[in-house]
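Open the model in a viewer and keep the selection panel at hand. The stops below say what to select next and what is there.

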Amino acid sequence: MKQPIKAIVFDVYGTLFDVHSVRDACEQEFPEKGAAISQVWRTKQLEYFFWRHMMGRYEDFDKVTRDALRYALAVHDATSTEEIEQRLIESYAHLTPYEEVESVLKELHDVKTVILSNGTDEMLEALLRNAGLTDSFDEVVSVDGIKQPKPTPAAYMHWFKTSGLRRDEVLFLSSNGWDIAGAKNFAFHAAWINRNALPFEEFDVKPDAIYKDLNGIMEWV
């Protein structure tokens with residue numbers, strides 16, 4: 001039995017929602033290139049977000065998502081138009097939740113449920129609304145409010161400073177190794193949702209637990 005916690009903080013992209021569900025929209029626009037475009041799109045989305053932060057040229061997640069899409073299309077010689085680009089961007093508001101997400105959230109009665117995401121308020125609002133999950137969370141927090149992306153300590157503090165909790169009363173969940181490392185560095189409990197059966201990052205902090213999906217977190221509540 002894990003130590004009881006009072007709040008579960010969720011990452012969104014890749015943790016609750018399949019970022020590569022956009023491949024279907026990409027495939028519809030560019031047959032036989034959908035999966036490849038999706039892979040480059042996600043890689044560059046994160047790279048551009050982190051690069052801009054390190055250069056002191058922060059842009060919000062919506063802007064870098066669009067820039068990353070343009071790069072992915074160029075890499076794969078996918079000639080686009082403003083209309084096609086907009087349709088693909090809009091697909092990011094319709095990502096597919098992972099199969100167990102809804103059922104797990106319904107079981108979390110006695111803990112606070114929080115989203116802490118690099119996505120903008122508008123991106124998160126649309127995504128949750130379209131998935132029917134708006135009422136599943138007590139708080140939805142975007143780091144765009146302080147322009148400090150996860151995994152910076154300031155990003156985790158952005159929610160935590162008003163939580164009224166101790167750090168050891170918080171369980172942070174993410175499928176992204178860099179996010180888990182950031183949360184552990186901040187002294188949260190952290191559970192890595194290892195959906196792709198990968199080894200954890202070579203870093204000097206490790207997750208408290210590793211699960212193949214969200215069902216494993218029930219031992220904390």
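Over which ring does the charged end of R195 sit? Select R195 and Y98: the charged end of R195 is over the ring of Y98, 3.7 Å from its centre. A charge counts as over a ring if NZ of Lys or CZ of Arg is within 6 Å of the ring centre and within 35 degrees of the ring normal.

This is a predicted model, in which local features need pLDDT of at least 70 and side-chain atom pairs count only at pLDDT 80 or more, while totals for chains, interfaces and linings use all residues. Residues are numbered from 1 along each chain as its sequence is written, and side-chain values use heavy atoms, with hydrogens and water left out.

**Stop 1: helix α2**

Select residues 34-54, which make up helix α2. Helices (H or I, at least four residues) and strands (E, at least two) are DSSP runs, numbered from the N terminus. Helix α2 has 21 residues and reaches 30 Å from its first C-alpha to its last, close to the 30 Å expected at 1.5 Å a residue. The expected span is 1.5 Å times one less than the number of residues.

Next, colour by accessibility. Buried means under 20% relative accessible area, exposed over 50%, and partly exposed in between (1.4 Å probe, protein chains only). The buried residues of α2 include G34, I37, V40, W41, L46 and F49. Among the elements that cover the buried residues of α2 are α1 (23-29), α3 (61-75), α4 (82-91) and α8 (177-185). After α2 comes G56, with a positive phi near 70°.

**Stop 2: aromatic pairs**

Rings of Phe, Tyr and Trp (its six-membered ring) pair if their centres lie within 6.5 Å; planes under 30 degrees apart count as stacked, over 60 as edge-to-face and the rest as tilted. The count by this rule is 19 aromatic pairs. One of them is the tilted pair of Y48 and W51, at 5.6 Å centre to centre with 50° between the planes. Both residues of this pair, Y48 and W51, lie in helix α2, 3 residues apart, about one turn of the helix. An α-helix has 3.6 residues a turn, so residues three or four places apart point the same way. Y48 is buried, at 17% relative accessible area, whereas W51 is partly exposed, at 40%.

Now move to F160 and F186, an edge-to-face pair at 5.8 Å centre to centre with 85° between the planes. F160 is in helix α7 and F186 in the loop between α8 and β7 (189-193), so the pair ties together parts 26 residues apart in sequence. Both F160 and F186 are buried.

**Stop 3**

Select H20, in the loop between β2 (17-18) and α1. Is H20 buried or exposed? H20 counts as buried, at 17% relative accessibility. Contact means heavy atoms within 4.5 Å; leaving out residues up to four places away in sequence, H20 touches S38, Q39 and R42.

Then go to the loop between α1 and α2, where E32 lies. The phi of E32 is positive, near 70°, in a residue other than glycine, and E32 is exposed, at 77% relative accessibility. K33 is also placed in the loop between α1 and α2 and is partly exposed, with a relative accessible area of 28%. Apart from neighbours within four places in sequence, K33 is in contact with E27, H76, D77 and A78.

**Stop 4: the loop between β5 and α7**

Select K147, in the loop between β5 and α7. K147 is another non-glycine residue with a positive phi, near 55°, and is partly exposed at 44% relative accessibility. Further along, P151 is found in the loop between β5 and α7, and the peptide bond from K150 to P151 is cis, with omega near 15°.

End at T152, in the loop between β5 (139-142) and α7 (153-160). T152 counts as buried, at 16% relative accessibility. A polar atom of the T152 side chain lies 2.7 Å from the backbone oxygen of P149.

How values were computed: A polar contact is a pair of N or O atoms within 3.5 Å; within protein, one must be able to donate a hydrogen and the other to accept it, and residues adjacent in sequence count only if both atoms are side-chain atoms.
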